[in-house]
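This briefing is intended for a reader new to the structure shown below.

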Amino acid sequence: MSLLEVAGLRIAAGARDIVRDLSFSVAEGETLALVGESGSGKSATARAVIGLLPPGLRHAGGRIALAGQDLSALPPATLRALRGPGMGMVFQEPMTSLNPAQRIGAQMAEGLALHTTLDAAARKRACIAMLERVGITDPERRLLAYPHEFSGGMRQRIMLASVMLLRPRLLIADEPTTALDTLTQAEVLALMKELAREQGSSILLITHDLGLVSRHADRALVMQSGQAVEEGPAAPLLAAPRHAYTRALVAALPRRGPARVIPPAPPLIEARSLSVAYPGRGGWFRRAAPMPAVQSVSLSIHPGEVVALVGGSGSGKTTLGRAMLRLLPASGGSLLFGGQDVTARSGPALLDFRLACQIVFQDPYSSLDPRMRVRDIVAEPLRLPAGMAPADRLARAEAMLAEVGLAGLGDRFPHALSGGQRQRVAIARALVRNPAFVVADEAVSALDATVRQQVIALLRDQQRKRGFACLFVTHDLGVVEEIADRVVVMQHGRIVEEGPRDQVLDAPAHDYTRALLAASVRLQG
Amino acid sequence: MKRLRLNLVIGGTLMGAVLALAVLALAWTPYDPVRTNLRRRLRPPSAEYWLGTDEFGRDVASRLMAGAVTSLGVAAATVLVALAIGIAIGLASGFLRGWVDRVLGAVNDTLLAFPGILLALGLLAVIGPSRSGIVLALGLAYAPTVARVVRGSVLSIREREFVEASRALGNSEGYTLLRHVLPHTAAPVIVLATSLFGWVILSESALSFLGLGVPPPAATWGNMLASARPFMAEAPLLSIAPGALIAMCLLGVNLLGDALRDLLDPRDGA
Amino acid sequence: MALYVLKRLLAAIPTLLLVAASVFFLMRLIPGDPALLILGDAATPESVADLRAAMGLDRSLPVQFGLWLSQVAAGDLGLSITSGEAVGPLILDRFGVTAAIVLAAVAIAALVAVPAGMLAAWRQGSWGDIAAVSLATLLLSIPSFWLGLILLLVFGLKLGWVPVVGYVTFAEDAWAALGYIALPVATLALVEIGVLIRMARASTIEVLRLDYIAHARAKGVPEHRVLLRHAFPNAFAPTLTLLGLVLGNLLGGIAVIETVFTLPGLGRLLVEAIFARDYPVIQGVMLFIALVYVGVNLVVDLLYPVFDPRVAAS
């Protein structure tokens, strides 16, 4: 018999249905992945199962049964007794899912006090054992710590410990590792699977990542716009998708492009022993020691070359990207552009450099001024090179918008565009002046898989056509496969490995690179 | 959404009514609001004197109308003074940072260490009670609050990536400040200005009530309340009417402020 | 934690100095010669010069400030021009009634408003919530001195439950004193309830949206415990800050309420001093209230980590 049985589920937001006629089941000990992009209704479904829909969403119909018990028919107290030991939930955002005002120990023990007859000492012993199990060192002392004293990955382990402590028969995991670093992601997921296996729990895994599905799920259910489009055992479903949307998702997975030969030329931009330090927090009279973020890095990029700068969070890759554009001041070393030292230039002397370089940011929601029309955003860069009439600028902006697939949308404000469209606007703004060098800072990380695929294709096509050099800052090795000619790996503010793409990906020389590659989930088989 | 519209309608109606009363009073009042007539002291409401007369035989309805002109005028002038000073300081310290921010910040924090109305009282002790004195005193007392809000929003906006994008385009700091930062401080400043208008009306009437505001015989709601205090038993309407107008005015401002906050709050989308 | 307390205490010192300096220099902005003012009609050029020398007025401003500061530190706030009394004891004498009213009002307002605001947030959109928000907005819009007058009219004049004019101290007759301060306390409490309900509600709504509330519910924690153990500490922290501000604003504006109820408090002392141009008293009262305000905010800051331990860490 199935542990969880969902039949004809309907979830409504006001008069609109965001989930329609959804049916699925999860067997004992099984892992079912609900797969979909943002807006597919997968998270709402997870919340509906545990009966915790956010305000504004309503369980409008259908049956949800756990071990044969219809949950919607239960009185609140009985339902509460099921939450915890019957079904537990791990949330996406480790920074907000633990109570910041309560010690870890108190939060973990709370569920035990509610659902078991253990006394305080036994509860404490159980908490310590569980913390130890999830890999927290010195667990007894850590029980007294507050959540803010832990890193994101540690918090997610503690979250997992607190949920698994109650031995839930069903574990609902809503994008449990999306907010984490690649390396941490793999560890936390492996831990979750292990714990579930030990306790015989079933898992309902909500994710947008097909890599996770192939590695961790027994079965998968693909959702699009609130409906199930395809369901089946995970491996065959991904190997031979039947539905058009599933095929599109699978097709959006990164594939390695052909290796290019970049004609030899003197470097376009070159960092020589470049260091960047963030100033320490200052008081009136003293200033704390500066925090080094990039330490003596040398990196040169040749005309027309795409270099991927890879590393985990805190590796200094974003700082290096900013510093190569002189958006952050160097604390040591020098920056050469076209053979000329631009490290200390300012004012009008810097303008030539600025005109030749551009950046595309990660978050298209904050990189576009919300009060400007899209056409004006794209036309703004043309203000600075002298000698262009305003009408010409607008015409050029319109042409650029058409080139990135946004013809006719020039009158819109950013908020009236989708995430992918906004990123196209950001790309148009960066390219309209025909720069020689572009930094793309996690430019596709915030996008859904299918959209990401299109934006990568756009960037690649434009790069081939215009021939600008590009520094692609990313944590995602999939993107590297698609677009990079050369790969540079950073850790702790230093470059640890550097080489042609295929060499670094296929025969990594450094341990950190190997760990990154092992942790990056790709389709198996 | 429904509540937003209700706030807007009720707030707008209340403020509109007070504003209309003030505009009308500029052109016409039933009687001269400052002309005394000791033979008609403390009359109850009648067809002749709609709201009765005060202890000097002045028509209460006319004085309430004249008081609306004083209160709204003083409040508007004060808000402008506070905004002008506060925005200049806030922009300078938020955008220039460094030692400018340190010094301005220290001055601002010191002034904020005084409750607003206490600072106004101290300034009034120096300037002396008069219409312009009260505008200056209250304006200076509330400017630090404006400066703090403007500085805070400048600091948060300049961290947004579109400001960095502007710098990456090669735009100058001045252009970036005017084109990409300043427009975004408008929403919080408008919301604050609305609240400020309410606080100033309240503070002005409190100061006038204490006898430190606009000097008699000019009518303000606050000094009308103060002079009505001894006659509370015989003529309660004298005490009730001006306060009811202040409350109506404040309710209007508060509801409009809530509506504006809902409309302009960046957290709920653009 | 101890480091946080120490840091916070040290940080208060420059603030206190700057506050004292601004009070001192504000008073120096007053047009006219203080010595001439003190001596009044009896002034002769010699006596004025003597007094100026005695008061240190013939020295440079920074020296004067230093002298004044050392006197203040020793508790000497000078003599009142009108009564000749020492300002320090005068302020302490008048502060008793003011402190009693303000503290009682803030305590009552917080005890009523915080639970009300939290319950309103918990049932956001219900009739109870709409009623609470409407009542709060209405209370927020009523001037305290007018509300005081109306209460006085109803309970004093019409019903005769409380005396309309006068004051006795608690030491003299506790029961009678209660009658005198009941209305002022009720007035201030009612006005502040409006502000506090809105704040408590808004911050609770913010907190209830967060994942750790859903996490608590997903563990099967009952609603009353979700509210008390998980929502309250986090939602109360911003309200606590507001409580400090409210207390300061009440102190700053206390003159109005003391005028309505003819209470011999600190606010009346200040207003009377302003009328009489009694500068030592104005200076002393302003300094005293500002210091109390800084002290209250310091206490709030020191209590804050109890509700939000993240603060002490940064």
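Chain C is assigned domain 1 (34-76) and domain 2 (87-281), with bounds that come from an automatic or database domain assignment. The centres of domain 1 of chain C and domain 2 of chain C, taken over C-alpha atoms, lie 41 Å apart.

This is a predicted model, in which local features need pLDDT of at least 70 and side-chain atom pairs count only at pLDDT 80 or more, while totals for chains, interfaces and linings use all residues. Residues are numbered from 1 along each chain as its sequence is written, chains are lettered from A in the order in which they are written, and side-chain values use heavy atoms, without hydrogens and water.

**Extent of the interface**
- Chain B contributes 40 residues and chain C 48 residues to the contact (heavy atoms within 4.5 Å).
- About 3,700 Å² is buried between chain B and chain C, 76% of it on carbon and sulfur atoms; buried area is the accessible area (1.4 Å probe) that two parts lose on being put together, summed over both.

**Salt bridge**
- One salt bridge is found across the interface of chain B and chain C (a side-chain nitrogen of Lys or Arg within 4 Å of a carboxyl oxygen of Asp or Glu).
- Asp258(B) forms a salt bridge with Arg198(C), and their closest N and O atoms are 2.7 Å apart.

**The side of chain B that touches chain C**
- At least two residues come from each of α3 (98-112), α4 (116-127), α7 (173-210) and α9 (236-264) of chain B; helices are DSSP runs (H or I, at least four residues), numbered from the N terminus.
- The largest share of this side, 13 residues, is supplied by α9(B).
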